[in-house]
Amino acid sequence: MAHWLLKETTPILVLLSWLAMNVFLFTDTFRWYEEDESFLYTRVILGSALAWARASAVCLNFNCMLILLPVSRNLISFMRGTSTCCRGPWRRQLDKTLKFHKLLAYAIAVHATIHTVAHLFNLERYQWSQSEDAQGLVAALAKLGNTPNETYLSPVRTFHAIPATVLLTTMAGITGLLMSLALILIMTSSTEFIRRSYYELFWYTHQTFIVFFISLTLHGAGRIIRGQTPESLLLHNATFCRSYYTEWNATAPCPVPQFSGKEPSAWKWVLGPVVLYACERIIRFWRFQQEVVITKVISHPSAVLELHMKKRDFKMAPGQYIFIQCPAISPLEWHPFTLTSAPQEDFFSVHIRAAGDWTGALLKAFGTEGSALKDLCSLPRLAVDGPFGAALTDVFHYSVSVCVAAGIGVTPFASLLKSMWYECCESWNPPGLSKVYFYWVCREARAFEWFADLLVSLETRMSEQGKTHFLSYHIFLTGWDENQAIHIALHWDGSTDAITGLRQKTFYGRPNWNEEFRQIAYNHPSSNIGVFFCGPKALSKILQKMCCLYSSADPRGVHFYYNKESF
């Protein structure tokens, strides 16, 4: 029961902890700047906009500290593979690091907007304090710094100063503008449409994060917000002396207050994560230098390229993925691809579908568009970073696993099924895992061709070993033409399927997920069932809904745990 409660509450606890920290930092900082005596005179000119600017700045620093951690792939892989604290429900949160990364980006955008708007109000208030309309204490504070032995409070020194000019002549203004531009570029190019259709644009604009973090560390050096110095507070009690601003002088009980800018602190927040991420990039550069030998190139239907490669000391597990760079196409871009080979093979492989400019250029560079593939010696150089852990590596942690693939999303499961085939050759008995359900939904019959041989071999090997009960597979074809329909009808009574050559017949149309999940829940009462998916978002939402719908409210009943491949 404790495990069930932990599974249900872990994602909520993580989210609430992050939200609570943001609320605490904002309210605590806001209260401090609204009440602290050293900023009393600053509040006289700026009002509550001071607290809004500073509170959002602290939350901005907090979220900037975190945002690089979810994309530190080696750190995540280390935590997944070796850390004893990341087990069970906590381990599954590592599969959601990209979602957390996006959530942090939204939070940064919100706090950056609050911070910017508040400072625009501050600039306006500073400028107004220099006008003839400003009277009393506000006017006295604005004029400080015009005579020797005085320090200024307002960075805007004349009423005729243009706020935009003041903004672009200060360190805070220049770095703030650079951060805003970098953030706008990153956010606008991170929409799903741009990521899928123009991945290169998404990737290149994301590299402006370097400009963002450099500007962030330098932003506070401008010290545009000033408060009373500790030494001045000892001699000049602002609460008492504010009423005697006309009598401020060196000999009176209220000497002229002295002001200084607040020490910059953003670098303290982000130094650790930035150093960690710099190490990440150094590791990536080191791996870039390692030689990758391409041993085989295969062109499959539906514009799919299969690459077999070798690399020194390369070790993998089923379900992991790598990043590939082709310097001949782009010297900076790295793209993720799931490994389709098994750990038992003496090479590692990927299947790449032409789905954008970069993948299209890669297939062209390897000659798949022509009548014959290029000679291995003339192929462009590839660099490989990884492998890295993904959700599918947890398949063996459940007593029952359900694997669902859509189209090219079958690639993560190829490695798993190949590994099963090799293990079956050695009379394999996986600890804990007793049943695997495999579903593949595909639009084109030709797409089955490259994967059918593996399924046929696995089906044969399972039958020979008497383990046909271990793997149950269901293949669904959602699109076909008239000629295919006639061919299917003519061979329907054959011993093997007309499309795949398997003993298990192909289903035509889309799965009835309600029926599938209901049957699995009936077959495995009181089991923890892992559901693993790779494919489009629409189907992902359906499967996630099914997992919630068919998970029992009774801690002793059946529970479905949803896992989605994301990289």
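**View 1. Q320 sits in the loop that runs between β4 (304-311) and β5 (321-325).** Strands here are DSSP runs of E, at least two residues long, numbered from the N terminus. This is a predicted model, in which local features need pLDDT of at least 70, side-chain atom pairs count only at pLDDT 80 or more, and totals for chains, interfaces and linings use all residues. Residues are numbered from 1 along each chain as its sequence is written, and side-chain values use heavy atoms, with hydrogens and water left out. Q320 has a relative accessible area of 14%, so it counts as buried (under 20% relative accessible area, 1.4 Å probe, protein chains only). Beyond its neighbours within four places in sequence, Q320 is in contact with residues including K315, T338 and F388 (heavy atoms within 4.5 Å).

**View 2. Meet Y439 and F476, a stacked aromatic pair.** The whole structure holds 31 aromatic pairs (Phe, Tyr or Trp rings, the six-membered one for Trp, with centres within 6.5 Å; stacked means planes under 30 degrees apart). In this pair the ring centres are 6.5 Å apart and the planes meet at 20 degrees. The pair joins distant parts of the chain, with Y439 in strand β10 (residues 435-442) and F476 in strand β11 (residues 471-477), 37 residues apart. Both Y439 and F476 are buried.

**View 3. The charged end of R381 sits over the ring of F288.** It lies 4.6 Å from the ring centre (the criterion is CZ of Arg or NZ of Lys within 6 Å of the ring centre and within 35 degrees of the ring normal).

**View 4. K435 places its charged end over the ring of Y437.** Here the distance to the ring centre is 5.3 Å.

Technical notes
Helix = DSSP H or I, 4+ residues; strand = E, 2+ residues; numbered from the N terminus. Buried < 20%, exposed > 50% of the residue type's maximum accessible area, 1.4 Å probe, protein only. Phe/Tyr/Trp six-rings, centres within 6.5 Å; stacked < 30°, edge-to-face > 60°.
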